[in-house]
Amino acid sequence: MRTIIITGGAGFIGSHVVRLFVNKYPEYQIINLDKLTYAGNLANLKDIEDKPNYRFVKMDICDFDGVYKLMQEEHVDGIIHLAAESHVDRSIKDPFTFAQTNVMGTLSLLQAAKLYWESLPEKWDGKRFYHISTDEVYGALQMTHPEGIEPPFTTKASSGKHHLAYGEKFFTEDLKYQPHSPYSAAKASSDHFVRAFHDTYGMPTVVTNCSNNYGPYQFPEKLIPLFINNIRHRKPLPVYGKGENVRDWLYVVDHARAIDLIFHKGKIGETYNIGGFNEWKNIDIIKVLINTVDRLLGRPEGADMDLITYVTDRAGHDLRYAIDSSKLQRELGWEPSLQFEEGIEKTVRWYLDNQEWMDNVTSGDYQKYYDDMYKNR
Ligand code: NAD
Ligand code: DAU
């Protein structure tokens, strides 16, 4: 029996992690601790909300007293921490909220866990604080090749496998942090606090840095769900700059699988990068989305290419992200289960089949779900 708090479980990635743990480990008690900001949507978890090993607690991670009390009452022995402000564009407009939640919120959780676990006779034994972070803390990579070959080119990862890349360098775990946006600066700071709690107090922590996720239940402010919905409704697609920026995409369920593996088998005090060696220029992904939506809706393929609208670039827009996840593949045997073509087809289908979910999010109705379903429980 273990009791685990998963923070941010009503968000995009958190809801997939909660679903995986609740279904896979009926012997664990899973507490989804979430403040339900604009990004939290309990309808993401409709299918598991009545399971006996699941409980939702509406709480702010910055509420130190509340978290500490909850840990004592529930005898919590693990924390998987995903709650964060996660959208770069919002961080450019409102950096304070990002510092508050991502830095102070993480510190509040760490301190609550430290005080509670240190008060137990067994102390750190059997405990774990797992912090979920991002590849954006490493900054941005160039699109270069030593012999001047035009990207993308085939390269060999340190895992020994061949894949397409837009540059010769990758984010590895030992790279210096160089965050550029207020979002990534706040995430970097929270990563440092987690490591500081390990190094100073001996807290059993683990940190992972993952690349861009895609899949069902992502809030439609992010590129993929926003563009799928706009294509469906024939609305303009705002491409930042020239659409040349490169992101490394991973299917969200594969991220959740990695989190499960690392929570159970990852080495204490370690950092693991998570990513699928799957780099794409934004503009190429956007064309795939247009072709896929058009085909699935029975429109002539590519009919909606004229929706592409180049707009002013994001301030400080990182050029390229590319994760080297060979440490995770080598040491823990993790591999992504889906090829990108398969994952993107599944994702587009999901959004088209779940128009009600999308409509509830875009109308704001999803925020009533807590009041309707939970308030009087
Ligand atoms: P999201 O924005 O979809 O969800 C965030 C969740 O956290 C929401 O449910 C929200 O209500 C909750 N939350 C926010 N502030 C809170 C607070 N103060 N107290 C309690 N709950 C709060 O985010 P996501 O995309 O699912 O990302 C989850 C985590 O994974 C984040 O830490 C993010 O930095 C990291 N990450 C995301 C990606 C990605 O591509 N989305 C990639 C790598 C890492
Ligand atoms: O790399 C991991 C990160 O990926 C996570 O830590 C973040 O939480 C997550 O939001 C994501 O950050 P990005 O900024 O890369 O994701 P976003 O979907 O916002 O944008 C993807 C790319 O598409 C980026 O280069 C900006 C561009 N873009 C985005 C939007 C929303 C556009 O061109 N137009 C848009 O309207």
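Proline 152 sits in the loop that links E5 to strand E6 (153–156), where helices (H or I, at least four residues) and strands (E, at least two) are DSSP runs numbered from the N terminus. The peptide bond between proline 151 and proline 152 is cis, with omega at about 0 degrees. Another backbone feature is found at lysine 123, which has a positive phi of about 50 degrees although it is not a glycine. Lysine 123 belongs to the loop between H4 and E5. As background, most residues other than glycine have a negative phi, and most peptide bonds are trans.

The model is predicted, so that local features need pLDDT of at least 70 and side-chain atom pairs count only at pLDDT 80 or more, while totals for chains, interfaces and linings use all residues. Residues are numbered from 1 along each chain as its sequence is written, chains are lettered from A and ligands numbered from 1 in the order in which they are written, and side-chain values use heavy atoms, with hydrogens and water left out.

Turning to the ligands, 28 residues surround ligand 1, a residue being near a molecule or strand if one of its heavy atoms lies within 4 Å of it. The closest are Ile13, Asp34, Ser86, Tyr183 and Lys187. Polar contacts (pairs of N or O atoms within 3.5 Å; within protein, one must be able to donate a hydrogen and the other to accept it, and residues adjacent in sequence count only if both atoms are side-chain atoms) are found here too. The side chain of aspartate 34 places an N or O atom 2.6 Å from an oxygen atom of ligand 1, and an N or O atom in the side chain of lysine 187 is likewise 2.6 Å from an oxygen atom of this ligand. From the backbone, an N or O atom of glycine 11 lies 2.9 Å from a ligand 1 oxygen atom. On its own, ligand 1 has 840 Å² of accessible area, of which the protein covers 97%; accessible areas come from the Shrake-Rupley method with a 1.4 Å probe, and for residues only the protein chains shown count as cover.

Helix H1 (12–24), strand E5 (128–134), helix H5 (182–201) and strand E9 (212–214) each supply at least two residues of the shell around ligand 1, and E5 gives the most, with 3 residues.

Ligand 2 is surrounded by 24 residues, the closest being Thr134, Asp135, Tyr183, Arg314 and His317. An oxygen atom of ligand 2 is 2.7 Å from a backbone N or O atom of serine 86.

The axes of helix H4 (residues 95–118) and H5 come within 8 Å and cross at roughly 15 degrees; axes are lines fitted to C-alpha atoms, for helices over the stretch in contact, and angles run from 0 to 180 degrees between N-to-C directions. H4 is therefore roughly parallel to H5, given that angles under 35 degrees count as roughly parallel, over 145 as roughly antiparallel, 65 to 115 as roughly perpendicular and the rest as oblique.
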